[in-house]
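Subject: Structure handover

Hello,

The structure is below, and my notes on it follow. Please read them with the model open.

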Amino acid sequence: DEVDDFLDRNKLVFNICSNKNNTFDRPMLDLFFEVSRAAYNGFPSPNISASKNIEYWEHLHNKFIAIQTEIQDASRSINKSFGIFNEYTLRHCSTNIVHDIEGYKGLIARPYESVNRAMPGSYYSDVERTIYLTYVILTEDIAKYDELFQGERKFISFEYWNTHFIHQLDFDDLVYGHEKLSEIVAKHPKTKDGLARYLYEIILRRMEIRDKSRSVNSIDVIFNFDCIGFTGTPFLDNYPTFDYIRRGRKDKIPDLIDRSFYVNTSDELSVSDFEERFKQFQGQNNNVLVEYVSSDFISKSSNEMETLKSIFLKEELEGDKNTTGFNALVDLCGIFKQSTIHDVRDLIKEHFGSERFKFVYHIDPADNRDRVLCINSENDAQYDEEFYNFMCNTYGANLRDKIFFFVDNRNVIGKDIPFQLVYQRHYRQPLFKKSLVLAHDVDDFSRIWQAMGRSRTMNGTTFSIFKSGIGGNVIEVSRGTHDIKKQALTRKLYVHNCDCKMAGNISSIYLTLIALYNLSNKSFYYCDEIVNTFLEKMEKTIGKKISKHKEQLVRHVLGSSVPAQIFCHILIDKFKRSSNPSVAKQSLTKKIVDTLLRDIVTQKFEQRKPSGDFYDDFIVFLSGEQGNLMEISYTKQQQKQKQKQQNKNQNSDAMGLFNKKNQLQLTFSTENYFEHTKLAEEDSSKMLLNLPCSVPIVTIVYDFGASQHTINIYPTLQFLYSHHIQGNYMTSEVQKLFREFDGEVLNFHARFLESVRHHHQQRTTAQKIIIDPTISQPEIKVRHNYILPNPQYTLVGLEKGVYVIGMKEQFNHQDIQCHPLRDEIKYIADEMGFILHDNTLVRSVDSFGPYFIEQYITMEVLSKQEVAQNVIDYYCNHKETLERAVQTYDEKQGKGFVCWRFLINETTKAAPIVQQAVMERN
């Protein structure tokens, strides 16, 4: 366990979040795009004078520049490259391309998982990073969005075409054409910026943000006082510290983890002392022979197979002459992202011939199964006991000379290659004769050691570790194979690793504070008050919340003896190992600890300004691997996209719905259920599920500048019986309404209509919508919304401001004929905007019906469809065009603005400016 702690510092800290749609308006999306583009292209900060918070956008520009610098590093390592979500930079096969693309789409659409590891610098913990990477991948891998563009191109408005594409593309070709997005960009490069902007806004508008968040921290570092690792066993009784905390002891905190093998820079150990400690770390693997080989040549290779061939040649020319051949290669840093195992097989066959190796071992990225690909055919078999026995019977001890083990970087951790120990016991030699570890620019020694550990017989296997940036002195001393602990570079990497593990990062020390706060309050959860940091910064509300949060932590953590002692113990244990004297030798007084706690919190939310004293040194040290005061690095080593793909339809946010207090049980009895359901008028289950609740589940207030209007949406009982709602909607008032149902369906619906109309009249002061000509966007405020993002639904329009929401297909043309509200139902629409039923016979954007502006405001809030934003924009800025198009539209293709391409574009494309543009292009 101690070695595991050293190797993996991931913390078991969870955030339980519920999500909601964002409320980004078009001006805000424009600013995000302009700032992203400026950072990506190295331009100065764009014109942000129209923003209400210029300081935020300037800070964001600097942050995006820092992220851009990081991802454009010469590094090809998977833990430093956004490319792990890129179809063209992932190693993939035909069985998992969809899996990789879906994983990325899920990431962008959902920056927070319902239950996610709060990893420092991860995509999940930083919406701003996700926003920037959206722009990066749109720019560098726009083909990924071919599918999205094909579904949304019909909603490109004439005005948008006129602004961005008028001199490059015909309107019909852009909106109605069949060319892929990537093909359009290839033919007309100048369209790329406009197309990227269009898709960028669509993606960001659909991105979810946190609604509420609870951090579960009590089982974390409270039971691991030195904050250097986590054993992965969250059982209180396993730790002697449980008794320490429970009894509130004040004596010296016990050491829980054996750190005798750690070596920090501040230890300044002699060579012999270092080797002794490293030997403790090695355990039974105490005779590991290694040579370090410069990998600087990799950056000069034009493609991946050229790189692989160069590695083979370099190993043959410069490898230790005392060791014969190699049969294993571990790609630790993700160099071979684009290549398939067939590409690797072909190069091995070309380089070594068809007789040297018979099979190439690989791990199937689709299901993580061990497989072997035949060198001389396309046979790809499972590497199982049957295959192993076949190899033993055919080749005996020489079987290791017939299999080349190619280990992909995505499978470095947590999976052993089978039959190594069986082979060694049987033939008295290791299955891996010599292993090449491509570390390149990976400086994390724990990862290098894990990559070497793919050989279960490390004492018998020799290793060549390819490493970039090796200085001349080091390579002279290290030339040839030597005991790993005697290599100068080993000490450098090992000490660096120990220093980083001790320092941690700002996120980890902040979460430690939250854990201590929970401990002082005897609470398992901490309900975050700062839920969306970037919004708080944008709206200038973060300062007050941080001040309140700091006082809260100081009072409860430093004001309680046990939490205060634990916190001081962690800081002292960290600081005394720092190589910076101003950190290591600074005594921690009560005042210093108080100030430092406040600085940690301020830094966590990126609001701290350098103080010019030793507190800066403290914060830099606690920032660990970041090396600076801006925490932007992506440090998570693997994304479990396969698990995400399997669970993507399981919405954990709905767990609260099944809480006992949110449950509602309704029953009825029948002698013959089948006979009972033959007639809709007598089907009690259907009648129950169709009952509407007179408590609005969504209330929206909108204002076009001159008058305020309210939209109330009321759910049916069936809609409540879904995973689309938040559990806290099921209040005692809601439950009482249904429990008092006496079986009189008509009376219940009559009371519902009376209640909602009375409620609506109280809230509505103006009937006619008046537009202020000076505004370009309406003010849309969601008073409350208990519907989770991306619901599937049918929406019934009863009258202006009054709507009933049901499940998908719950309301349809056939069933409403016997519905108690059939005379009140004016029209029915679904979440995409398709009009399923219409009784209004009205075609006007100002009259209640399928073209009424409220229909598209509800779509904007609930389903974030692009057509909704188009209608709202036109309503504000081109209302006459909108009204004229509605009046002249024949509805042959359907009703509603979902038929945008027929309804609006046909009206506008004949404009004189279009004809002029066509002539200019011709």
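Helices (H or I, at least four residues) and strands (E, at least two) are DSSP runs, numbered from the N terminus. With that naming, β1 (14–21), α2 (26–41), β3 (208–216), α21 (533–538), β16 (779–785), α33 (853–862) and α34 (866–877) each give at least two residues to the lining of the second largest pocket. This is a predicted model, in which local features need pLDDT of at least 70 and side-chain atom pairs count only at pLDDT 80 or more, while totals for chains, interfaces and linings use all residues. Residues are numbered from 1 along each chain as its sequence is written, and side-chain values use heavy atoms, with hydrogens and water left out.

The pocket

A pocket is found on a 1 Å grid over the protein atoms alone, as an open set of points where a 1.4 Å probe fits, with protein on both sides within 12 Å along at least five of seven lines; lining residues have an atom within 4 Å of a point. Its volume is the space filled by probe spheres set on the points, which are joined across faces, edges and corners. For the second largest pocket this comes to about 1,600 Å³. It is lined by 50 residues, and Thr23, Phe24, Asp25, Met28 and Glu539 are the closest to its centre. Strand β16 makes the largest contribution to the lining, with 7 residues. By type, the lining has 21 nonpolar, 12 polar and 17 charged residues (nonpolar: Ala, Val, Leu, Ile, Met, Phe, Trp, Tyr, Cys and Pro; charged: Asp, Glu, Lys and Arg; polar: the others, Gly among them).

The seven-stranded sheet

Strand β16 also belongs to an open sheet of 7 strands, in the order β16-β14-β15-β18-β17-β19-β20, with mixed pairing; two strands count as paired if DSSP finds at least two bridges between them. β16 and β20 (835–838) are at the edges with a single partner strand each, so one side of each has no neighbour in the sheet. From one strand to the next the twist averages 20° (axes are lines fitted to C-alpha atoms, and angles run from 0 to 180 degrees between N-to-C directions).

The partner of β16 is β14 (residues 698–703), joined in the antiparallel sense over 6 bridges. Within that pairing, isoleucine 700 has valine 782 of β16 as its bridge partner. β14 and β15 form a hairpin with 4 residues between them, and glycine 705 in the turn has a positive phi of about 110°.

All of β14 is covered: 6 of its 6 residues are buried, where buried means under 20% relative accessible area, exposed over 50%, and partly exposed in between (1.4 Å probe, protein chains only). Val698, Ile700 and Tyr702 are on one face, and Thr699, Val701 and Asp703 are on the other.

The nine-stranded sheet

Another open sheet has 9 strands in the order β8-β7-β6-β9-β5-β10-β11-β4-β12, with mixed pairing. Its edge strands, β8 (380–382) and β12 (482–483), each pair on one side only. β8 is antiparallel to β7 (residues 370–374) over 3 bridges, with valine 372 opposite alanine 381.

Strand β10 (residues 434–440) has 7 of 7 residues buried, so it is largely enclosed by the rest of the structure. One face carries Lys434, Leu436, Leu438 and His440, the other Ser435, Val437 and Ala439. β10 runs parallel to β5 (residues 328–331), with 4 bridges, and valine 330 stands opposite valine 437. It is also parallel to β11 (residues 462–467) over 6 bridges, where lysine 434 is partnered by threonine 462.

Two helices

In helix α31 (residues 732–739), Val734, Gln735 and Phe738 are buried. They cover an arc of only 95° around the axis, which puts them on the same side of α31 (the arc is that of the directions from the helix axis to the C-beta atoms). Ser732 and Lys736 are exposed on the other side.

In helix α35 (residues 879–888), the buried residues are Lys879, Thr881, Leu882, Ala885 and Val886. Their arc is only 165°, so they too lie on the same side of their helix. Glu880 and Thr888 are exposed on the other side of α35.

Regards
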